[in-house]
Amino acid sequence: MKCEIRRHPVNVGVEPSELEVGQWKQSGKKRLHLISVPSCKAPEVAFTSSPINKTTVAMTDTEVEGSGRHRRGDVLAELTTGRDDVFDETYKEKDGPKPPMIVVWKNVVLMTFLHIGAVYGIFLVPSVHTLTLAWSVFCFLVSALGVTAGAHRLWSHRSYKASLPLRIFLATANSMAFQNDVFEWARDHRVHHKFSETDADPHNAVRGFFFAHIGWLLVRKHPDVIEKGKKLDLSDLKADKVIMFQRKYYKMSVLLMCFTVPMLVPWYVWGESLWLGYFVPGLLRYTLVLNATWLVNSAAHMWGNRPYDVNINPRENKFVTFSAIGEGFHNYHHTFPYDYATSEFGCKLNLTTCFIDFMCFLGLAKDCKRVSRDLVLARAQRTGDGSTRNRSG
Ligand SMILES: [Zn+2]
Ligand SMILES: [Zn+2]
């Protein structure tokens, strides 16, 4: 089965050219209207002369072309379809002194020991069997996909649909990554998109590299993160039995997938020692996946160019793109969070997108949402930093 990539025929200042019958109507370019696409619930904006349905919200050309901290189209999208992964510019941080930071010492100790174990694992690498190294890379990729293709693009952003077997695989792979269960991960990630770079952002990069990278896991959450997280619509996650099952048996699944399986397979199949199996494909691989993911929150919110929206912090960062198997196109991703490829360039440097495309080819995924090239170019021209020739980061 071929993956259906739903291109939203949207342009800024130009008539839409690829209209989807029954969903888009073209008769002018003076006003902007929000249109929801029923088949995939992907909201988009387009220039039309009249509302298509009753929930349409109109904007003027001035608003569209305005500068400043905007994402007007995305905010409109949220208003009408309840997306909770787009920026909410109505949120204001509370005045007055910030609440005190409360260190969670248990997490500090665990993270310290984990990283010491990982460094020890690096020294063990020359001693392991070649097959153990290959197995470690395999485990890295599987657990990374559980985060990128699973918790992130599928469950946080609903940017494509996955069949039951694929969801079971992704939830299992996600337990191998041990980054909180998918429900919690997706909730925190939606809050991150909705309140980026504010007190309500769980890993607010304004608080510095260390906080955005790992520090946020070592202290109690800011009260606004908890408050806003509770208000999100998570009904889609609650309705997914795979997610609820993983949440119910999370500790057991982590014990099995993150530590036991990576250690036992090399021991059982090619006679690797349990010690090496525990420290290399186990602890070292786990720590590398953790840090690769955290780099998206830290480095990709600090260093790189901003070809799509210069008004937001997230950047295009090649190193993060490589380490987090395609998640470093972060300026693009925060500009168009519903795009399954998280990048203008599809599979290029984007193993996760390749994986989803392959799943579509196998008939295990479908309805991949994509932003049209015209819209991307128009947005880059309107709010980008001008680095259009280097949009790949
Ligand atoms: Zn995201
Ligand atoms: Zn981000």
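Select helix 8, residues 223-231, and colour Asp224, Val225, Lys228 and Gly229, which are its buried residues. Look down the axis of helix 8: the buried residues line one face because they fall within an arc of 130 degrees. The model on screen is a predicted one.

Then show helix 6 (182-194), against which the buried residues of helix 8 pack.

Now leave the helices for a loop. Select Ala324, found between helix 13 (318-323) and helix 14 (330-335). Why does Ala324 count as buried? It has 26 C-beta neighbours inside 10 Å, and the cut-off for a buried residue is 20 or more.

To see part of these surroundings, display Thr148, Ala292, Thr293, Leu295 and Val296: Ala324 touches these residues, leaving aside any up to four places away in sequence. Draw a distance from the C-alpha atom of Ala324 to that of Val296; the value is 7.4 Å, for two residues 28 apart along the chain.

Finally, zoom out to the whole protein chain. Its secondary structure consists of 16 helices and 7 strands. Of its 393 residues, 47% are buried. Taking contacts between residues at least 6 apart in sequence, 66% join residues at least 24 apart.

Note on methods
Residues are numbered from 1 along each chain as its sequence is written. Chains are lettered from A and ligands numbered from 1 in the order in which they are written. This is a predicted model: local features need pLDDT of at least 70, side-chain atom pairs count only at pLDDT 80 or more; totals for chains, interfaces and linings use all residues. Helices (H or I, at least four residues) and strands (E, at least two) are DSSP runs, numbered from the N terminus. A residue is buried if 20 or more other C-beta atoms lie within 10 Å of its own, exposed if 12 or fewer, and partly exposed in between; C-beta atoms are placed from the backbone. Two residues are in contact if their C-beta atoms, placed from the backbone, lie within 7 Å. The arc is that of the directions from the helix axis to the C-beta atoms.
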